[in-house]
Amino acid sequence: MLLAFDVGNTNIVCGIYDGKELIKHWRLATNVLQTADGYAGVIGTLFHLNGIDFSDIEDVIISTVVPPIIPILESLSKRYFHVTPILVGPGIKTGLNILYDNPRELGADRIVNAVAAIAEYNCPLIVIDMGTATTFCVIDEKGNYLGGAVAPGIGISMEALFQRASKLPRIELLKTKSVICKNTVSAMQAGIYYGFVGQIDEIVKRIKAEMKREDIKVIATGGLAALLSKESKTIDVVDAMLTLKGLLILYEKNKNEKR
């Protein structure tokens, strides 16, 4: 079995592959103060509840935008699974032609998403990942990674409102029936929800205009993709497992390099 880690600034998504089948997946909090042993305890409990043993794991692959987590997960992999993990980063085979000014600046999550999207869907593509940041990745009809845009994510925007505006509470993000709201919580929910839907649709519209074509499929992933897609006029597909799919593809491309 393969254990895949997709580490974001807020959450870690873990997936277990048995061959090419994703059999289990979980979402954990990202905590750079957690130790390898601490993560082993959390993961071990999840494994136990799902009938999986540490000895079932034959390899590990890690994608992360949080550099301090790397030595922690490397230690976890070596100590508990007895493998050296594959790390998505410079030197890994991706098959992706990155037309970025400096390809090393491109986040591992954006690379993994692009690899998965190209394999799953017909190019050209726009891939939107709604995590701590909201990222927009543009792939042309030949499968070249052209670039994209990065915006503050919904979670940090909501937290900024709570922290910087003394009378505004923390809220749960929900789709409201109206944008003319009669209480503070609903007003915040409406502003954030419809504001981010508008942001997504406007950026996609501008990307399509720059590309001079309207037939670009828009793929959304990330924790809030399903919620926001309900109102978006531009999102075509929600693929919650896109990053984990990309990690399996990259593992298949690179597993023989370890031998």
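This is a predicted model: local features need pLDDT of at least 70, side-chain atom pairs count only at pLDDT 80 or more; totals for chains, interfaces and linings use all residues.

Biologist: What volume does the largest pocket have?

Modeller: About 700 Å³. There are 31 residues lining the largest pocket, and the closest to its centre are G8, D129, M130, G131 and T132.

Biologist: Which element gives the most to that lining?

Modeller: That's α7, with 3 residues. Several elements each supply at least two residues, including β1 (2–7), β7 (125–130) and β8 (133–139).

Biologist: And how many of the lining residues are nonpolar, polar or charged?

Modeller: For the largest pocket, you get 12 nonpolar, 13 polar and 6 charged.

Biologist: OK, what about the second largest pocket, which residues lie nearest its centre?

Modeller: Those are G89, P90, R104, L106 and I111, out of 18 lining residues. The second largest pocket has a volume of about 320 Å³. Its lining splits into 12 nonpolar, 5 polar and 1 charged.

Biologist: Switching to strands: do β8 and β9 pair in the parallel or antiparallel sense?

Modeller: Antiparallel, over 7 bridges. One example is V138, whose bridge partner in β9 is G147.

Biologist: What's in the hairpin between them?

Modeller: The hairpin of β8 and β9 has 4 residues between the strands, and G143 takes a positive phi near 85° there.

Biologist: Then how does β6 pair with β9, parallel or antiparallel?

Modeller: Parallel, over 2 bridges, with β6 covering residues 97–98 and β9 covering residues 144–152. In that pairing, I98 has Y145 of β9 as its bridge partner.

Definitions and conventions: Residues are numbered from 1 along each chain as its sequence is written. Side-chain values use heavy atoms; hydrogens and water are left out. On a 1 Å grid over the protein atoms alone, a cavity is a set of points where a 1.4 Å probe fits but cannot get out, and a pocket is an open set with protein on both sides within 12 Å along at least five of seven lines; lining residues have an atom within 4 Å of a point. Grid points are joined across faces, edges and corners, and a volume is the space filled by probe spheres set on the points. Ala, Val, Leu, Ile, Met, Phe, Trp, Tyr, Cys and Pro count as nonpolar, Asp, Glu, Lys and Arg as charged, and the others, Gly among them, as polar. Two strands pair if DSSP finds at least two bridges between them.
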